[in-house]
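Hi everyone, thanks for coming.

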Amino acid sequence: PGAVAAASQLGADLGRVLMLGIPIVAVLCMIGYFVAGRMTRKTYPMTDDIRAEVYGPHVTNEDLEAWARNDYSAVREATETRTLGAEETASSLASKLPPAPAPGFGLIIALILLPIVLILMGTLATTMLPATSTLRAVLTVLGAPLVALLIDTLLCAWLLGSRRGWSRTQVSDVIGSALPGVAMVILIAGAGGVFGKVLVDTGIGAVVSEALRNTGLPVLALGFLLTLLL
């Protein structure tokens, strides 16, 4: 959501952003895989809220250390569930869902790639197909970021929820539990765009730019100072 909001604010074509960004991300993922492999050789303690979100409220840091030693004798069964503030933990939500087999690996990968493929097809259609083409119009609509993400969300709700025996309330609860995590990202991205527009329209941006241009500082240092001040 943050990338979509930022691209919209900057007027960038999200499809081209993906085409340029995917190779970079692929390289970084490979580097991160090897770096994370070395970092995770050691068990690091978690705070109570993070540990409860990942493993459930009944798991302690001592349990994690025991698991790292392949010692599962100290595993404690959950006797009660608790909530963190007004939000329900993922483990307590999962405990209320009807039992169902885990979704297949191919299905999960397809759902992850679907919006990316739709957005890329929309971008390629506007570049390669004539303006009068019906296929171009259809792919442009389907490739719009909000439309692609909406289609993927609806498919996830059906394939991973309703088709596996979840009720509408359970599907709604699971989808709703994901909103707090992205709401702040969208708020920050939107507020940043509005603030930037205010700086440009009022002329403050030009004044600040002219003042900082004479300092001789590198661009990265100027960006850091502006972020710190504003």
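Let's start at one residue: Ile-24 sits in helix 2, which covers residues 14-39. Keep in mind that this is a predicted model.

Now, is Ile-24 buried or exposed? Its relative accessibility is 52%, and a residue is called exposed when that value is over 50%, so Ile-24 counts as exposed.

Together with Val-27, Leu-28, Ile-31, Val-35, Met-39 and Tyr-44, Ile-24 makes a nonpolar surface patch of about 700 Å².

Let's move to another residue of helix 2, Leu-18. Which residues does Leu-18 touch, if we skip those up to four places away in sequence? The answer is Pro-23, Ile-116, Ile-119 and Leu-120. Here's a pair to find on your screen: Leu-18 and Val-117. They are 99 residues apart in sequence, yet from C-alpha to C-alpha the distance in space is 9.8 Å.

With that in mind, let's zoom out to the whole protein. Among its contacts with a separation of 6 or more, 58% join residues 24 or more positions apart.

And what is the protein built from? You can count 11 helices and 0 strands.

Last, the surface. The protein exposes about 16300 Å², and carbon and sulfur atoms supply 70% of that area. As for the inside, buried residues make up 17% of the 230 residues.

Methods
Residues numbered from 1 in each chain as written. Predicted model: local features only at pLDDT ≥ 70, side-chain atom pairs only at ≥ 80, totals over all residues. Heavy atoms only, no water. Patch = residues over 30% accessible without salt bridge, like charges linked within 9 Å, V, L, I, M, F, W, Y side chains within 5 Å. Areas by Shrake-Rupley, 256 points an atom, 1.4 Å probe, with all protein chains shown as cover. Salt bridge = Lys/Arg side-chain N within 4 Å of Asp/Glu carboxyl O. Helix = DSSP H or I, 4+ residues; strand = E, 2+ residues; numbered from the N terminus. Buried < 20%, exposed > 50% of the residue type's maximum accessible area, 1.4 Å probe, protein only. Contact = heavy atoms within 4.5 Å.
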